[in-house]
Amino acid sequence: MVKPSADVIDYNTHMSGLRAQDFIGVTTTLQDVHEWFKTNINADTILIGHSLNFDLKSVKIVHSKVVDTADMFSDGGKKPGLKSLAEKELGKVIQVTGKGHDSAEDARCCMQLVQKKVNWRE
């Protein structure tokens, strides 16, 4: 969690799963995120996620090696949502109404979708 640098007008809880009380005690700043990124991520690191361009843009980070499940499973038209992809491709129900997003669950789902797409076998 990153401490907002300004007052939040709408947490968009039904989509984000975040509420005002979730930020109580949060001290991580955008600058902290940038420092962590510079320390832990390099030019060869591959980032995997769903519609990552929005996440990276929100924290003002540019990265060249991104595997985006929204693009991987796009049919050339509208990009599919992660919730529908999880159900269609993996038979999983995620992002249950009223609970919002669980970022760890979303990340696991993205990894499984990429593995499925490239026929990964452990």
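**Figure 1. The buried residues of H5 pack against H4 and helix H6 (103-117).** Packing here rests on contact, meaning heavy atoms within 4.5 Å. Helices (H or I, at least four residues) and strands (E, at least two) are DSSP runs, numbered from the N terminus. The model is predicted: local features need pLDDT of at least 70, side-chain atom pairs count only at pLDDT 80 or more, and totals for chains, interfaces and linings use all residues. Residues are numbered from 1 along each chain as its sequence is written, and side-chain values use heavy atoms, with hydrogens and water left out. Helix H5 covers residues 82-90, and its buried residues are Leu82, Leu85 and Ala86. Seen down the axis of H5, these residues fall within an arc of 100°, so they line one face of the helix. The arc is that of the directions from the helix axis to the C-beta atoms. On the face turned away from the buried side, H5 carries the exposed residues Glu87 and Lys88. Buried means under 20% relative accessible area, exposed over 50%, and partly exposed in between (1.4 Å probe, protein chains only).

**Figure 2. Helix H6 and its cover.** H6 has 15 residues and reaches 21 Å from its first C-alpha to its last, close to the 21 Å expected at 1.5 Å a residue. The expected span is 1.5 Å times one less than the number of residues in the helix. Asp106, Cys109, Cys110, Leu113 and Val114 are the buried residues of H6. They fall within an arc of 135° when seen down the axis of H6, so they line one face of the helix. The cover over these buried residues includes E1, strand E2 (66-68), H4 and H5.

**Figure 3. Thr69 in helix H4.** Thr69 is found in H4, which spans residues 69-72. Is Thr69 buried or exposed? Thr69 is buried, because its relative accessible area is 0%. Leaving out residues up to four places away in sequence, Thr69 touches Gly49, His50, Leu82, Leu85, Cys110, Leu113 and Val114.

Figure 4. Ile46 lies in the loop between helix H2 (30-40) and strand E1 (47-49). Ile46 is exposed, with a relative accessible area of 54%. Together with Ile48 and Met111, Ile46 forms a nonpolar patch on the surface, with about 250 Å² of accessible area for the three. Patches are made of residues with over 30% relative accessible area and no salt bridge, nonpolar side chains (Val, Leu, Ile, Met, Phe, Trp, Tyr) being joined within 5 Å and like charges within 9 Å. A salt bridge is a side-chain nitrogen of Lys or Arg within 4 Å of a carboxyl oxygen of Asp or Glu. Asp44 is found in the loop between H2 and E1 as well, and at 59% relative accessibility Asp44 counts as exposed. From Asp44 to Gly81 there are 37 residues in sequence and 27 Å in space, C-alpha to C-alpha.

**Figure 5. The setting of these views.** The protein has six helices and two strands, which run α-α-β-α-β-α-α-α from the N terminus on. Of its 122 residues, 25% count as buried.

How values were computed. Areas by Shrake-Rupley, 256 points an atom, 1.4 Å probe, with all protein chains shown as cover.
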